[in-house]
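Colleague: I'd like to learn how to read helices and their packing in a model. Could you walk me through a few features?

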Amino acid sequence: MIPKVFKETITLSDGRTITVETGKLAKQADGSVVVKMGDAMLLATVVSSKTASPVDFLPLTVDYREKFAAAGRYPGGFFKREARPSTEEILTMRLVDRVLRPLFPKDYHSETQVMIQLMSHDEDVMPDALAGLAASASIALSDIPFETPISEVRVGRVNGELIINPTREQLLEADIDMMVGASADSVMMVEGEMDEISEEEMADAIKFAHEAIKDQCAAQVKLVEQVGKKETRAYDLAEEDEDLEAKIHELAYQKCYDIAKKGTSKHERSEAFAEVKEEILAGFTEEELEEKGALISKYYNKAQKEAVRNLTLNEGLRLDGRKTTDIRPIWCEIDYLPSTHGSAIFTRGETQALATVTLGTSREANMVDLPTYQGEETFYLHYNFPPFSTGEARPLRGTSRREIGHGNLAQRALKGMVPEDCPYTVRVVSEILESNGSSSMATVCAGTMALMDAGIQMKKPVSGIAMGLISDGEKFAVLSDILGDEDHLGDMDFKVTGTADGITACQMDIKIKGLSYEILVSALKQSKDGRLHILQKLVDTIAEPNADVKPHAPKMVTVTIPGEFIGALIGPGGKVIQELQKETKTTIVINEVDEQGMVEILGTDQEGIDKVLEKIKSITFTPVKGETYEVKVIKILDFGAVVEYLEAPGNEVLLHVSELAWKRTDNVTDVVNLGDIIKVKYFGIDPKTRKEKVSLKALLEKPEGYVARPPRDNNRGRDNRHRGDNRRNDRRSRDN
């Protein structure tokens with residue numbers, strides 16, 4: 001039986017189309033769609049358990065995978081099959097999760113799994129920009145409770161023109177690369193990188209993206225109408241007790257307000273809030289606690305959140321006593337670790353990052369091998385968030401999605417300021433040692449100083465700041481340099497990085513509906529003031545990059561050689577290059593590009609690097625016909641002298657005895673001796689001998705009356721040989 005397929009088409013401003021269809025694939029899922037743009041096709045499915053999970057949150061999993069078969073390729077590795085998700089896939093999962101999660105009911109706790117798979121790839125379509133649309137459409141077609149359809153688009157700006165879902169090739173020329181997630185009414189998520197743009201330009205790009213998202217949300221509504229809207233499934237609503245809530249609010253609100261107003265440290269606050277909660281719990285019997293304990297905790301947390309928010313809105317004060325625009329105290333230090341190639345500590349309040357820099361050759365580049373993209377990164381940043389940074393003891397389960405996301409944000413913030421001609425592969429690692437508010441922005445600051453300490457000639461230093469927003473619908477407060485608690489209780493948190501001249505990266509999560517662009521721009525401008533304040537602290541610590549790398553750090557020299565000399569430099573079985581590396585204690589990497597050899601020489605000893613350069617010069621030396629060269633006599637023969645070019649040791653040529661002087665030379669040593677430094681003229685390849693010819697006499701004045709010896713008559717020689725052959729034949733005839 002042929003399935004009935006339902007389809008909606010979205011037309012972008014440049015005429016390209018996106019198709020969303022359902023009814024053909026994965027019909028046992030609660031909802032499934034295929035999203036197609038060009039030849040790119042994504043399958044998105046959603047399944048949610050019919051029973052609630054015992055946990056007090058939504059156990060939502062968003063999974064995004066790119067199948068190698070989609071691009072007609074084999075996966076790498078021994079087993080030749082897809083394994084754990086790549087960094088790029090994880091980043092896409094995070095982008096989709098951050099927009100979807102707030103739209104499920106707060107009391108919906110059923111295990112929910114959204115899976116998005118790239119089934120067919122198109123070189124001109126970046127599929128991660130379609131993942132949010134696919135996920136939302138699959139949920140909209142299901143009976144799972146969900147507030148409203150959403151979508152995500154990528155917005156780029158090329159030559160001043162904003163483009164929705166640009167191609168990868170277009171992004172190479174873009175000064176904005178930003179993902180925006182939104183519903184028809186509200187922008188909910190922004191993340192991307194920019195080339196030092198202004199706050200107003202960023203807001204304009206968000207508006208442009210939102211208009212395209214509105215069309216995609218409308219298409220989902222039409223598709224649901226075609227199929228027929230399913231009745232939202234019933235689920236167990238969370239228990240509520242209005243009287244208990246009022247009682248807890250009365251017991252907790254003012255005490256929490258007073259604690260928040262004291263402006264204490266994180267641990268002091270936590271202990272004080274915990275004491276208030278313990279006092280409240282002590283007023284209930286064991287039976288009441290067993291029955292209502294979860295509700296009591298819930299209502300207490302709600303009262304505490306309200307108290308802290310109202311303190312900020314009413315009095316402009318914050319948990320640690322700061323005003324809304326205040327930045328926590330900052331101290332910085334560079335060159336802290338003696339053996340690294342570069343290091344820096346950045347401490348802001350109770351957040352601390354220690355960044356290190358390691359320099360290497362192209363061999364250390366981070367290889368990216370995806371169905372949709374193959375390449376390498378010569379600048380990359382890794383971020384580690386150990387449990388002790390927040391005073392916790394929990395098991396380590398590998399690199400978390402959060403660590404990957406925060407590291408990527410910091411990498412995007414910094415990479416545009418690393419010069420294009422930097423010869424090194426550069427790895428930055430950020431170790432978070434303390435955390436109470438935006439360790440990713442601390443990573444940007446520590447990373448900037450560590451790069452400058454390592455001698456990387458950054459175009460400009462970069463700083464970052466995390467901002468927050470609290471609003472009750474009428475009043476609002478923008479918070480500079482937010483704490484971890486303020487991140488949790490606020491209505492928007494956004495991280496902005498940049499130089500003194502503009503924004504280089506951002507990440508926003510907006511939790512309230514209908515945030516006006518006026519408030520957004522106001523918040524961005526306040527973030528600029530804070531960002532510049534932090535930037536000054538970095539510049540006060542290290543004003544400009546160190547002129548050179550550290551003495552123990554490897555120095556890099558890159559030279560280009562003609563492609564025909566690559567084999568000679570490598571040698572048979574790699575013998576030449578291996579012996580050269582061993583002798584000079586260097587690392588030599590050769591990459592062939594456009595029929596030329598790009599040779600990277602890495603070493604801590606300049607003398608060793610110089611020896612490698614001399615060897616390369618010797619191997620690639622090509623004398624020019626008609627030029628004069630200084631040579632050294634290194635061997636005396638009966639028929640001439642072997643000489644070595646002084647500018648290319650190891651390159652030898654025979655100076656024939658006939659080219660020593662204008663007069664006849666019986667003994668070579670009558671003219672030159674071992675070790676003599678002389679000049680010779682290069683004549684190229686002699687057509688008679690098919691060997692290189694050099695001459696000393698060509699540089700000497702020809703004697704007056706000199707008569708050259710007549711050339712040998714080759715025909716006469718041939719005639720004599722013929723006569724001899726005839727005489728031998730005559731003798732053979734007589735003998736017979």
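This is a predicted model: local features need pLDDT of at least 70, side-chain atom pairs count only at pLDDT 80 or more; totals for chains, interfaces and linings use all residues.

Colleague: Is H2 largely enclosed or open?

Modeller: For that, look at burial, where the cut-off is under 20% relative accessible area. In H2, 13 of the 13 residues are buried, so the rest of the structure largely encloses this helix.

Colleague: Now to pairs. What describes two packed helices?

Modeller: The angle between their axes and the distance between the axes. Take H5 (residues 242–262) and H6 (residues 266–282): their axes come within 10 Å and cross at roughly 160 degrees. Angles over 145 degrees count as roughly antiparallel, so H5 is roughly antiparallel to H6. Their crossing is right-handed.

Colleague: Which residues make that contact?

Modeller: H5 brings Ile248, Leu251, Ala252, Lys255, Cys256, Ile259 and Ala260, while H6 brings Ala272, Phe273, Val276, Glu279 and Ile280. By class, the contact of H5 with H6 has 10 nonpolar, no polar and two charged residues.

Colleague: Why do residues three or four places apart point the same way?

Modeller: Because an α-helix has 3.6 residues a turn.

Colleague: Are H9 and H11 roughly parallel or antiparallel?

Modeller: The axes of H9 (residues 439–453) and H11 (residues 517–541) come within 10 Å and cross at roughly 25 degrees. Under 35 degrees counts as roughly parallel, so H9 and H11 are roughly parallel to each other. H9 passes H11 in a right-handed crossing. Cys445, Thr448 and Met449 of H9 meet Ile534, Leu538 and Thr541 of H11. The contact of H9 with H11 divides into four nonpolar, two polar and no charged residues.

Colleague: And single residues? Which residues does isoleucine 90 touch, leaving out those up to four places away in sequence?

Modeller: Pro85, Arg401 and Ile404. Isoleucine 90 sits in helix H1 (residues 87–100) and, at 9% relative accessibility, counts as buried.

Colleague: Is arginine 412 buried or exposed?

Modeller: Arginine 412, in helix H8 (residues 401–415), counts as buried at 15% relative accessibility. Beyond four places away in sequence, arginine 412 touches Asp177, Glu191, Gly192, Glu193, Thr504 and Ala505.

How values were computed. Residues are numbered from 1 along each chain as its sequence is written. Side-chain values use heavy atoms; hydrogens and water are left out. Buried means under 20% relative accessible area, exposed over 50%, partly exposed in between (1.4 Å probe, protein chains only). Helices (H or I, at least four residues) and strands (E, at least two) are DSSP runs, numbered from the N terminus. Axes are lines fitted to C-alpha atoms, for helices over the stretch in contact, and angles run from 0 to 180 degrees between N-to-C directions. Angles under 35 degrees count as roughly parallel, over 145 as roughly antiparallel, 65 to 115 as roughly perpendicular and the rest as oblique. A crossing is left-handed if the near helix is turned anticlockwise from the far one by less than a right angle, and right-handed if clockwise. Contact means heavy atoms within 4.5 Å. Ala, Val, Leu, Ile, Met, Phe, Trp, Tyr, Cys and Pro count as nonpolar, Asp, Glu, Lys and Arg as charged, and the others, Gly among them, as polar.
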